Amino acid sequence: MNQSIQNPSSSSTFPRPCLSSASRIPKSSLLFPRAISTSQKICRCIGVHMEGCANFNLPKNSVVAKYSPGWSEIQPLNLKQPLNKYSLPLRALLTSKTQDVSSKLIVGDEKIGVLLLNLGGPETLEDVQPFLFNLFADPDIIRLPRPFRFLQKPLAQFISVLRAPKSKEGYASIGGGSPLRRITDAQAEELKKSLCEKNVPAEVYVGMRYWHPFTEEAIEQIKRDGITKLVVLPLYPQFSISTSGSSLRLLESIFREDEYLVNMQHTVIPSWYQREGYINAMANLIEKELQKFDNPGKVVIFFSAHGVPLAYVEEAGDPYKAEMEECVDLIIEELEKRKINNAYTLAYQSRVGPVEWLKPYTDETIIDLGKKGVKNLLAVPISFVSEHIETLEEIDVEYKELALKSGIEKWGRVPALGCEPTFISDLADAVIESLPYVGAMAVSNLEARQSLVPLGSVEELLAVYDSQRRELPPPVTVWEWGWTKSAETWNGRAAMLAVLVLLVLEVTTGEGFLHQWGILPLFR
């Protein structure tokens, strides 16, 4: 494959997404609260004073000024200059600096909670197989056609048992388990301290999707503590249906079944990759690691993001790819301000299964860079804020070894953000900006890039995503022969269908190699 290295000073760089143009943003990436009434030009606000409304009939420069809970009128916003290219019309919370408005927060008798959402990871080698089962049993990870959804758990059992031995080797190489829980707990503690320093006392909880402490466990603690206002903050900078989306879908099901949660006010921050503090923190780490090379200016900055199946983006409307590319652009722009003009590239790692994933792939890109004569490479795990197996083993061991074999002489890696102070402080600002205010917030310097926090409730965010997903056509409508994207997609579907047929036979007859191997003993 031909993977080009991007030079930030050239016109061939990743194009800067012009977010004021609707054509440059996937429809499903516009995660905004829905309008309640379009005929009366009013909409409901969710826990913030000013936010874009999902009403395409409204002027683009309209925002909602919320003076009290309930309904508010749309106020036209007269700008002397147009919003710049990083503005998100009808999507973002527009605020002045957090420190200027935090004193306006009314806490009173309210008990504020912050729920951090993350993937989770096995803490011991014995946890690996059940963790993998939980992962692959999630329909947002493996999406089966509706008639075959009863096979979700048998398929998850099959894959988890098959992959467990290799996964155990990986976890054994990093100490026998994932450090994700320990790091996320530390991030929660630091976030709580930062909020307290900003005069916003709050309890911070950790809810993992696939391992302890499960999201359900965190919710039970939130109820016991009597939290009345909750900010849901996924620890994924970019939104994807397989990460933040999966956690939000689980929360939606929990909220619907609990009267306490139905009545509790909550706000979701689905993505925050464009926040100034996050961008600065990433740039700080990159700048520091570049100084460890003999010739920092000759180092290629290699952004490696977790991949997702291509169908998630093209069929399901996942905004992940667009947000990831914009995130890289923002970091490169910040580095340019610091006179750091290194070449860079973006690739996607961790693909599994027979279907096509987002390209370019990390391993193929590393080989290609070696062939092009690149000698110094700095890996940046762009979609991870905590160290775990995909940074400590996949990047630090597998990809480093591949790079050295491919002719790259000096390899470096930027650490995950962890509890980096600028990052934690910015997360605290994001939480504060999402809380309810009394009185209209002052909006200043709208033409300059401010911290943008796309907000909405769990139910509304998912409703917007689902409605947009139904409008998207499938990417492959005809069969194409040869080594083509169509062929790869159909080959993957054929392989998945073959696995499903085998599972149906195993489940219905109670015989077969899966039973002989003890993988499906419950169906004997």
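**Aromatic rings and charges: close-up views**

**View A. The charged end of Arg-351 lies over the ring of Tyr-361, 3.8 Å from its centre.** A charge sits over a ring if NZ of Lys or CZ of Arg is within 6 Å of the ring centre and within 35 degrees of the ring normal. This is a predicted model, in which local features need pLDDT of at least 70 and side-chain atom pairs count only at pLDDT 80 or more, while totals for chains, interfaces and linings use all residues. Residues are numbered from 1 along each chain as its sequence is written, and side-chain values use heavy atoms, with hydrogens and water left out.

**View B. Lys-410 has its charged end over the ring of Phe-293.** The distance to the ring centre is 4.8 Å.

**View C. Trp-272 and Tyr-278 form an aromatic pair, one of five in the structure.** Rings of Phe, Tyr and Trp (its six-membered ring) pair if their centres lie within 6.5 Å; planes under 30 degrees apart count as stacked, over 60 as edge-to-face and the rest as tilted. The pair of Trp-272 and Tyr-278 is edge-to-face, at 5.4 Å centre to centre with 90° between the planes. Both residues are buried (under 20% relative accessible area; exposed is over 50%, partly exposed in between; 1.4 Å probe, protein chains only). Trp-272 and Tyr-278 form one aromatic cluster with Phe-423.

**View D. Phe-303 and Tyr-344 pair across distant parts of the chain.** Their ring centres are 6.3 Å apart and their planes lie at 80°, so the pair is edge-to-face. Phe-303 is in strand S8 (residues 300–306) and Tyr-344 in strand S9 (residues 344–349), 41 residues apart. Strands (E, at least two residues) are DSSP runs, numbered from the N terminus. Phe-303 counts as buried because its relative accessibility is 0%; Tyr-344 is buried, also with a relative accessible area of 0%.

Note on methods:
Helix = DSSP H or I, 4+ residues; strand = E, 2+ residues; numbered from the N terminus.
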